[in-house]
Amino acid sequence: MERTGIDRRRRQHEATRDEIRQTARALLIEAGPQAMSVSAVARRMGLSGPAIYRYYAGHDELVGAVIAELFAELGAAIVQARDAGPASPEARLPAMARGLRAWATSRPVEFRLLFAAPIAEANRTPESERQQAGEHFDELFLREVEALWAERPFPVPDLGEAAPGLRAQVLAYTERKGTALPPAAVQVFLTCWTRLYGLLVMEALDQLAFAYADPEPVYEACIAEVSGLLGIAPA
């Protein structure tokens with residue numbers, strides 16, 4: 001009987017945490033990141049401000065939990081796009097890139113929170129929910145490039161000729177990720193990712209309108225460019 005009571009309280013606790021996250025997300029969509037204050041969430045739920053702190057340590061932890069949830073949803077959308085078509089490397093990576101943009105353009109406010117908003121120091125620690133979710137998301141594309149490399153290695157630069165600062169950072173990232181890719185291939189992966197990501201952030205922040213009224217063909221051209229770096233042709 002005692003165990004049943006503990007389980008019930010745990011379920012109630014998790015249900016309230018989920019309701020708090022969903023309320024914060026609704027405020028985000030309605031009025032932007034600045035609307036996700038603890039006091040605003042409490043008012044929307046009919047709670048006192050201090051009551052929220054029984055479920056989240058503070059604003060940064062709450063925002064980190066919302067971001068972690070968004071990363072999971074975005075990752076699921078990318079996997080769905082990847083698995084919807086042919087299993088060839090020529091199709092999978094471009095499909096993932098298109099899945100990323102489809103999610104970003106359908107949820108612009110959430111995308112800006114994920115990729116174009118400052119990260120609080122508390123959410124940069126390795127144990128933070130936001131940081132762990134971001135690392136897991138990052139690995140979606142990394143693991144796909146690993147599979148591509150195992151099947152068909154692509155051209156890589158000579159890291160020995162790279163600037164020492166760049167080389168050191170690529171080596172550190174390679175070691176931290178524990179990837180089977182050689183560091184030079186990791187540099188190609190990072191180049192591809194930052195180009196796709198950077199273009200999407202510019203679109204999300206409406207920074208392409210000075211030249212492009214329709215960013216989709218611009219993004220398609222970027223997919224073709226990074227596919228070339230990876231030695232594949234987009235289907």
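Which residue forms a salt bridge with Glu139, and how far apart are the closest N and O atoms? The partner is Arg143, and the closest N and O atoms of the two side chains are 3.8 Å apart, a salt bridge being a side-chain nitrogen of Lys or Arg within 4 Å of a carboxyl oxygen of Asp or Glu. The model is a predicted one, in which local features need pLDDT of at least 70 and side-chain atom pairs count only at pLDDT 80 or more, while totals for chains, interfaces and linings use all residues. Residues are numbered from 1 along each chain as its sequence is written, and side-chain values use heavy atoms, with hydrogens and water left out.

Glu139 and Arg143 are separated by about one helical turn, because they stand four residues apart in helix 7 (residues 129–151); helices here are DSSP runs of H or I with at least four residues, strands are runs of E with at least two, and both are numbered from the N terminus. An α-helix has 3.6 residues a turn, so residues three or four places apart point the same way. Glu139 is partly exposed at 23% relative accessibility, and Arg143 is likewise partly exposed, with a relative accessible area of 32%, where buried means under 20% relative accessible area, exposed means over 50% and partly exposed lies in between (1.4 Å probe, protein chains only).

This pair belongs to a network of salt bridges that links Glu135, Asp138, Glu139, Arg143, Glu146, Arg176 and Lys177. Lys177, a member of that network, has its place in helix 8 (residues 164–177) and is buried, with a relative accessible area of 7%. The side chain of Lys177 makes a polar contact of 3.5 Å with the side chain of Glu139; a polar contact is a pair of N or O atoms within 3.5 Å, and within protein one atom must be able to donate a hydrogen and the other to accept it, with residues adjacent in sequence counting only if both atoms are side-chain atoms. Leaving aside neighbours within four places in sequence, Lys177 is in contact with Glu135, Asp138, Glu139, Leu142 and Arg143, contact meaning heavy atoms within 4.5 Å.

The structure holds 21 salt bridges, and two further examples can be set side by side. Glu14 and Arg17 meet through their side chains at 3.9 Å, N to O, and both lie in helix 1 (residues 2–31), three residues apart, about one turn of the helix. Glu14 is partly exposed, with a relative accessible area of 42%, whereas Arg17 is buried at 15%. The side chains of Glu220 and Arg98 meet in a salt bridge of 2.9 Å, N to O, and this pair links distant parts of the chain, with Glu220 in helix 10 (residues 216–229) and Arg98 in helix 5 (residues 89–106), 122 residues apart. Glu220 counts as partly exposed at 27% relative accessibility, as does Arg98 at 31%.

Helix 1 also holds Arg25, which counts as buried at 9% relative accessibility. A polar contact of 2.6 Å joins the side chains of Arg25 and Glu73, and, not counting residues up to four places away in sequence, Arg25 touches Glu69, Leu70, Glu73, Arg107 and Glu110.

Phe115, leaving aside its neighbours within four places in sequence, is in contact with Phe71, Leu74, Phe137, Trp193, Tyr197 and Val201.

Helix 9 (residues 183–204) has 22 residues and should span 32 Å at 1.5 Å a residue, and its end C-alpha atoms are 31 Å apart, which agrees; the expected span is 1.5 Å times one less than the number of residues. This helix is followed by Asp206, whose phi is positive, near 60°.

With a disulfide defined as a pair of cysteine sulfur atoms within 2.5 Å, the count comes to zero. Cys192 is in no disulfide, the nearest cysteine sulfur being that of Cys222, 8.6 Å away, a distance too far for a bond. Cys192 counts as buried at 6% relative accessibility, and Cys222 is buried with a relative accessible area of 8%.
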